[in-house]
Amino acid sequence: MSSNGIMLDAMFGYVRHYRTQARRKRAERILNAMPSHLRKDIGWPDSTKITGGE
């Protein structure tokens, strides 16, 4: 494999990682914005336990 191929593989790896993290954070924001009774129904942990909120 040429050095250009290695660079492209690394670049695409970073892009893939960025997209995965962006999707995960977006899903987390959406779930945290839901009412607490719905989050409880789907088994989403209480955000105050995780973040140390009130």
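Trainee: Which residues does M34 touch, not counting residues up to four places away in sequence?
Mentor: M34 touches R39 and I42 on that count, where contact means heavy atoms within 4.5 Å. This is a predicted model: local features need pLDDT of at least 70, side-chain atom pairs count only at pLDDT 80 or more, and totals for chains, interfaces and linings use all residues. Residues are numbered from 1 along each chain as its sequence is written, and side-chain values use heavy atoms, leaving out hydrogens and water.

Trainee: Where is M34 found?
Mentor: In the loop between helix 1 and helix 2. Helices (H or I, at least four residues) and strands (E, at least two) are DSSP runs, numbered from the N terminus.

Trainee: What does the side chain of R39 reach?
Mentor: The backbone oxygen of M34, at 2.6 Å. A polar contact is a pair of N or O atoms within 3.5 Å; within protein, one must be able to donate a hydrogen and the other to accept it, and residues adjacent in sequence count only if both atoms are side-chain atoms. R39 itself lies in helix 2, residues 36-42.

Trainee: Is R39 buried or exposed, then?
Mentor: R39 counts as buried because its relative accessibility is 10%. Buried means under 20% relative accessible area, exposed over 50%, and partly exposed in between (1.4 Å probe, protein chains only). M34 has 24%, so M34 counts as partly exposed.

Trainee: How much of the protein is buried?
Mentor: Buried residues are 4% of its 54 residues.

Trainee: New topic. What is the secondary structure?
Mentor: Three helices and zero strands, in the pattern α-α-α along the sequence.

Trainee: Which helix has the lowest mean pLDDT?
Mentor: Helix 3 (residues 47-51), with 57, while helix 1 has the highest, 91. pLDDT is the predictor's confidence in each residue, from 0 to 100. Where pLDDT is low, the predicted coordinates should not be read in detail. The protein averages 84, and 81% of the residues score at least 70.

Trainee: And where is V15?
Mentor: In helix 1, residues 3-33. V15 counts as partly exposed because its relative accessibility is 39%.
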